[in-house]
Amino acid sequence: MADETYETCCVIRDSSDQVLTLDKVYQASHVLRDLVRRTDLIPTRNLAPQCDLYLKAENLQTTGSFKIRGAYVKMSNLTAEERKRGVIACSAGNHAQGVALAAQKLGVKATIFLPSTAPLSKIEATESMGAEIVLVDGVYDDAFDAAIACQKETGAVFIHPFDDIDVIAGQGTIGLELMEQLPDMDAVVVPVGGGGLISGVAFVVKSLNPNCKVYGVQAQGAGSMTASLQHHERSTLSSVSTFADGIAVKCPGEYTYSICSSFVDDMVTVSDDEIATAILALAERQKLIAEGAGAVSIAAVMFNKLPLEGKKVCAVVSGGNIDVNILSRVIDRGLLMSGRRTDLTIELLDKPGQLKEVSTIVADLGANVIRVQYIPGGENTDINGCYLKLSMETRNYEHLRAIEDGLKDAGYILTDTLR
């Protein structure tokens, strides 16, 4: 996708004839110096044994995501007259918080349109910073249409979440930090929705170290940039479906698509189950909480979606604003995906001692039964037949297979098995 040579000045200009340059990114870094955190680069433990993996922890950033960088840079460049008119934004949640905080710091009125599916935690956090919230039925793109319509009516300044040179320059400050923190990295893996984050990071990294690979990751149910780069033109999806709401975008930006076409080496997608597994792994092994959008980069590395063996790799964890109810479901899914929680249904005869014998086998093999359900047999079973459904905590798939084999060796019939 990316060319073999890179220019240090992007040819993409925005509507105000601004050009993305390294100087602009350095200026953005100066603007942000007293507002954002220089987030840690954290070495991992057993997340991806095939490579030397580091995490850029933007989930620990002010407002819980990288979005404050681009939002504040854009709004700090507004004229006094533009600030007086106020700003309008649309967001899946993280950009909303970035705009709200920037507006609070700069004394600007902010009206923010969010999809009704946005997590409650993101809505409440945005409101707490003084922004006016308008909920729109649908996904991010529906909120975008409503925000644009309102902007035309009111004359307020629209703060685009990704397709804006100032915003991209702000996100590019992450690339500057990475080049200082890990100058010899071989690859950086970046979550992608509309493309603002990867555009800024890829531009900076490729400008300073053309040999470093830049990879983007999207959810399978929202692969608009992936499809666009494959088709060599901006592509609009008919719908998006993923719990990674922060990257659920139907169409990438005009500027971001052009920048990614020039500077990004490859794009891959990951499933929601893989994302859930990555969130669980980050929580358990790194003590970090990531939202779905923030964990796609980790999922791509963990599930070997990219050629990273033996490489020094940085994965950007772009955000940690996950609703606790969703987190609970994600943990459950992650446990199922990793073979650490499972249900087994055993067909047997309804007679005394059966449960005791099954429990002994399971216990001797080191599993923990957390729920037992008795189900009477149906018309296709023995008249004394029944089913015993066990919910268990296991170590991994190998452990689960050992339990299955132990039950089969004892003569029990399993009606739902791994094999």
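Trainee: How many helices and strands does the protein chain have?
Mentor: This is a predicted model: local features need pLDDT of at least 70, side-chain atom pairs count only at pLDDT 80 or more, and totals for chains, interfaces and linings use all residues. Residues are numbered from 1 along each chain as its sequence is written, and side-chain values use heavy atoms, leaving out hydrogens and water. Helices (H or I, at least four residues) and strands (E, at least two) are DSSP runs, numbered from the N terminus. The protein chain has 15 helices and 16 strands.

Trainee: What share of the residues of the protein chain count as buried?
Mentor: Buried means under 20% relative accessible area, exposed over 50%, and partly exposed in between, with a 1.4 Å probe and protein chains only. The protein chain has 419 residues. The buried share is 57%.

Trainee: Of the contacts with a separation of 6 or more, what share comes from residues 24 or more positions apart?
Mentor: A contact means heavy atoms within 4.5 Å. Residues 24 or more positions apart account for a share of 72%.

Trainee: How many aromatic pairs are there?
Mentor: Rings of Phe, Tyr and Trp (its six-membered ring) pair if their centres lie within 6.5 Å; planes under 30 degrees apart are stacked, over 60 edge-to-face, the rest tilted. By this rule the count is 2.

Trainee: Why is the pair of Phe144 and Phe158 classed as it is?
Mentor: The ring centres of Phe144 and Phe158 are 5.7 Å apart. Their planes stand at 80 degrees, so the pair is edge-to-face.

Trainee: How many residues apart are Phe144 and Phe158?
Mentor: Phe144 sits in helix H6 (residues 140-154) and Phe158 in strand S8 (residues 157-159). The pair links distant parts of the chain, and the separation is 14 residues.

Trainee: What is the relative accessible area of Phe203?
Mentor: Phe263 counts as buried at 6% relative accessibility. Phe203 is buried too, and its relative accessible area is 0%.

Trainee: How many residues of helix H2 are buried?
Mentor: H2 covers residues 67-76 and is largely enclosed by the rest of the structure. Its buried residues include Lys67, Arg69 and Lys74. They pack against elements including helix H1 (22-32), helix H4 (94-106) and helix H7 (165-181). The buried count in H2 is 10 of the 10.

Trainee: What covers the buried residues of H9?
Mentor: In helix H9 (residues 224-231), 6 of the 8 residues are buried, so H9 is largely enclosed by the rest of the structure. Met225 and Leu229 are among them. The cover includes strand S10 (213-219), H10 and strand S11 (266-270).

Trainee: Which residue stands opposite Tyr387 of S15?
Mentor: Two strands pair if DSSP finds at least two bridges between them. Strand S15 (residues 385-393) runs antiparallel to strand S13 (residues 341-349), with 9 bridges. Strand S14 (residues 368-376) also pairs with S15 in the antiparallel sense, over 8 bridges. Opposite Tyr387 stands Ile375.
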